Amino acid sequence: MMWIVFFFFIIITSFFATLTTSTSPALHPDELHALGEIATTLGIKRVNLSYKDPCVSQSLMIIKQVDWNPVLNNTIACDCSFNNNMTCHITELSLVNLTLVGKVPPELAKLRHLRSIDLSANYLTGTIPPEWVSMPYLTFIWLCGNRLSGNLPTWWQNFKNLKFLGIEGNQFSGTIPDELGNLTKLVKLDLASNQFTGSLPITLARLVNLEQLWISDNKFSGTIPAYIGKWSRLRKLFLHASGLKGPFPDAVACLENLIDLRISDTTGINSFPILSSKVIETLILRNVGLSGPIPSYIWNLPNLTRLDLSFNKLTGEIQDIQKAPKLKYTYLTGNMLSGNVESAFLINNKPNIDLSYNNFSWSSSCQEKSNINTYRSSILKNNLTGLLRAGPVNCKTYQRSVHINCGGEDLKITNSFGKITYQADNSKTNAATNHHQQNWGISNTGDFTDDAYVDDTFIISTSLRLSKDSPYLYKTARRSALSLVYYAFCLENGAYNVKLHFMEIQFSEKEVYSRIGRRIFDVYVQGKLFLRDFNIKEEANGTLKPVVKELKANVTDHLLEIRLYWAGKGTALIPNRGNYGPLISAISLCHSLEPQCGAEKIKHHISFPLILGATGVLVTITLLAVGIYARRRCLKDKKKRETHEDCLSYRTHSSTLNQRKLDASSLGLMNNPRICILSGGKTKAMAMVVSGGKMPLHANALPLSIINTKTRVRSVSTVPLFSPASHSPSSSLSIRFKLSPRVSRSLSVVSSVLSEDRATGVSGSGGTDAFKLTYLEGNSWLWETSGLRILVDPILVGNLDFGIPWLYDAAKRFLNGFKLDDLPEVDCLLITQSLDDHCHLNTLRPLSKKSPDVKVIATPNAKPLLDPLFRNITYLEPGESYELNARNGSKVRVKATAGPVLGPPWQRPENGYLLASPEDQISLYYEPHCVCNMELLKNERADIVITPVIKQLLPQFTLVSGQEDAVQLAKILKAKFIVPMQNGDLDAKGILASIIKKEGTIESFKDLLSRELPKAQVLEPIAGVPLEILPPTSDV
């Protein structure tokens, strides 16, 4: 019975719904169809236009609409007075902050009655379509915060009824067309945060109805136009970093309706303007060149709430500030104001007064107030009491290091020397603050104008998950609306290494619209400009990525000061209005004579029985080693003689070797392809290149100038050929050589590009996204990408003996005639470890004299060795990155990873490195011991992995890993090319050399690799021969 009642209810409901629909007004069907086209052009993948009439729902029904954005705006307004109130036409369309990634739709012109378009805060491209001028009722166009670009078209003059035009926060460029002056009904014009150039055209004088002009953050030229004074209705004029210069026109000063005047970061406004407006609320004349006294009429303005005259050259005394009845924010920082101002400032209750960086006089009895910033406000510049304004201050001790976690709690970070405590910096600040800890403090100036909050927030944090190599140091940050100063006092004088840690945590990549945000500010250290127009996101190549900037600074008065300053540039409306200004995550200051940088040493428990046992084992090993060493030496000499005779039987001159085809069996190299480096007489060294298999062997005689011509090697040596991961006997691979230009007077380099026999030609070198790897034996490499040469762990002078030649003494086999003068000019020196086989002082000392300013990137463990030698050093902890500037303007990113823990002392890991080519098409990973933290590498990728594959073992100890560990490393990094290191393949003697055993072969590694990564290729390097590896998508 119930189903009959339910069925009857459905019929009745449907009847009344039909009746209601037939009598209700509906959107015109042409406009309904146009909405579908508009949605498609905007990039909306799914929209439901049949669910409910858009004029009834007053919105566009977008399926799977973003739900994480709290300020989205999806609104449709209609006029339903047509056709006896039965037909509706859309009059307003607002689709704000909806992550729209398409283009600005010309189809909006089909909505003939449209009066208002708001597509702001999206990710749209293109420009304003010319079709829009056909809409006769259009009065409002708002497209702020998108990716629109190009020049402003002249046909905009046809928007005869346009009153509001907003394109702030886009990428428009070029000059402002004269025709814009024909939009005489404009009330608000917002052109801020674009790339406009040139002067403002005289035709804009016609905009007599204009009430607001926003043109900050552009590249205009010329002076502030006097015709602005004709805009008698003008209420707001924003010229932050616009490019326009002074003087300030008297006609503009006469405007009586101005309530908000903002001009900053320009020149030429030398005298204080006499403003006629009695209703002005905000007056900003910051860093514009003002000099002389502040006129007394300023303090009598009845509605003035915000006054910013900072960073000018104002002089004189101030007495009448208490007369300003509504003044809430007063910024006078960075002037030359003087006099005793205690009665004017400290007795009254005016909030947020910034007097920092001036020449005021203070009595010793004067006490600080939380709402007044008096940092460096005293005429006593070199006195700590004058600096801090907190009563007499004396340094009982002098510090050598300071570490600050900006915006966060106390935090311990483990580095090369132990645990460093980054002190908490989470105290509340306001718009004018100076507070300090035991030996450091902060001075904050400025409030965030135009935001929706009464109380500004100067500490921000992120709840988003950071990568594993980004510690909690970056979870919080301190920001400022104008000027943020960190100062450390009671420091020991001397040279300091300064590290500034940044991460953009306010612009989220998750919010597509936020990707448009640009945070730009300047950084001063000890009063000198260190970073101009610094953009964290741009430097780090994205948000939520750390970037560390380093420099050396001298402390002469026990004080070190870092100042971050917003110079009016960058966006101010992303992710919402009022977000701009500097931001910093952490600061580290270390005296150059304090290698441990204030680290708390990690306690290690010493096991004396273990030490005694190890000593006994070492003595036993030493006794056994003498006999083993003699036998190994004998066998090695015998093998050398056999190899010499084998290759010598095929020695010939170049005239008989060129392009000869030889029989593989006659050479006995069917399963063991080799290159024989032969002496070609008194003038040339010749190379015979043989590729094995069932295919005919090709012998090419090429001059090899990789050996210094002054010390040419005449003995015969053999080197294995490249052998990619194909083991089929029918597969034939060859190496094709070409001579590179001479890079020094005595050195030419032979370049090789791996290719299959069926390939034609030789791939060109020198591409931006490619790596050219030259193996220099041992742990030494010369890498090149984008014209940038990187020298890695060089051992180029003398042997490797760790200072104990009787224990271990190793010489190169093939490049033992290579001299430091043969080395081409390098751009960067990369050091992985601190021991002699990587940080070889016999090489680094003469190299530092030859190139003292070369950029050095190294493990912090090598700091005591490198600091006395080089001037331009960046020490990277695992997880930290640095960008190298290539000669063609591109950047190569170097990121440190955790390597082996060596010792004594066994305290912290050494470094491996990840390098990304300028266009991120190919990447490289290098760690010379095949030891790493696999867990930390799970989120990394590397197309090329340079690693040992043959293990080197001591009794009960692994010196160098390889084999299955190398396979696992390649698998985690999803490697496409593995370049095996041959760091143990040296002519070594000594006790230690005799007891080192090898485990595994390259062939056994290939077999293991083929099971896990069958498509990966193994490229065996030849000493002195550059191997160029192109991106994996290339046909190489």
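Q: Where is Tyr357 found in this predicted model?
A: Tyr357 sits in the loop between β21 (353-354) and β22 (359-361). Look at its backbone next. Its phi is near 60°, a positive value in a residue other than glycine.

Q: Is Tyr357 buried or exposed?
A: Compare the relative accessible area with the cut-off: buried means under 20%. Tyr357 has 15%, so it is buried.

Q: Which loop holds Asn85, and what is its phi?
A: Asn85 is in the loop between β2 (73-82) and β3. Its phi is positive, about 65°, although Asn85 is not a glycine. Its relative accessibility is 48%, so it counts as partly exposed. Another positive phi belongs to Lys974, which follows α13, with a value near 55°.

Q: Which residues of helix α15 are buried?
A: Start with the general idea. An α-helix has 3.6 residues a turn, so residues three or four places apart point the same way. Now the case here. In α15 (residues 1002-1012), the buried residues are Ile1002, Phe1005, Lys1006 and Leu1009. Seen down the helix axis, they fall within an arc of 100°, so they line one face of α15.

Q: What do the buried residues of α15 pack against?
A: They pack against α13 (964-972), β61 (977-981) and β64 (1017-1018). Turn to α13 itself. Its buried residues are Ala966, Val967, Leu969, Ala970 and Ile972. Their cover includes β57 (923-926), β58 (944-948), β61 and α15.

Q: Which residues touch the most other members of the largest nonpolar core?
A: They are Trp132, Leu165, Ile294 and Ile298, in a core of 97 residues. Next, see which elements contribute. Those giving two or more residues are α2 (29-42), β3 (87-96), β13 (236-240), α4 (250-253), β14 (260-264) and β15 (282-286). α2 gives the most, with 5 residues.

Q: What does Ile298 touch?
A: Leave out residues up to four places away in sequence. Ile298 then touches Phe272, Leu283, Leu304 and Leu307.

Q: Which residues does the second core include?
A: This separate core has 48 residues, among them Val402, Leu473, Tyr486 and Tyr496. Follow Tyr496. It is found in strand β32 (residues 494-502).

Q: What is Tyr496 in contact with, beyond four places in sequence?
A: Its contacts include Gln399, Arg400, Leu551, Val555, Leu589 and His591. Take Val555. It is 59 residues from Tyr496 along the chain, yet their C-alpha atoms are separated by 7.3 Å.

Q: How many cavities of 30 Å³ or more are there?
A: The count is 10.

Q: Which residues lie nearest the centre of the largest cavity?
A: They are His240, Arg262, Thr449, Trp566 and Tyr580, from a lining of 27 residues. The elements giving two or more residues to this lining are β13, β15 and β17 (306-308).

How values were computed. Residues numbered from 1 in each chain as written. Predicted model: local features only at pLDDT ≥ 70, side-chain atom pairs only at ≥ 80, totals over all residues. Heavy atoms only, no water. Core = buried A, V, L, I, M, F, W, Y, C linked by side-chain atoms within 4.5 Å. Buried < 20%, exposed > 50% of the residue type's maximum accessible area, 1.4 Å probe, protein only. Helix = DSSP H or I, 4+ residues; strand = E, 2+ residues; numbered from the N terminus. Contact = heavy atoms within 4.5 Å. 1 Å grid on protein atoms, 1.4 Å probe; cavity = no way out; pocket = protein on both sides within 12 Å on 5 of 7 lines; lining within 4 Å. Points joined across faces, edges and corners; volume = space filled by probe spheres on them. Arc of directions from axis to C-beta.
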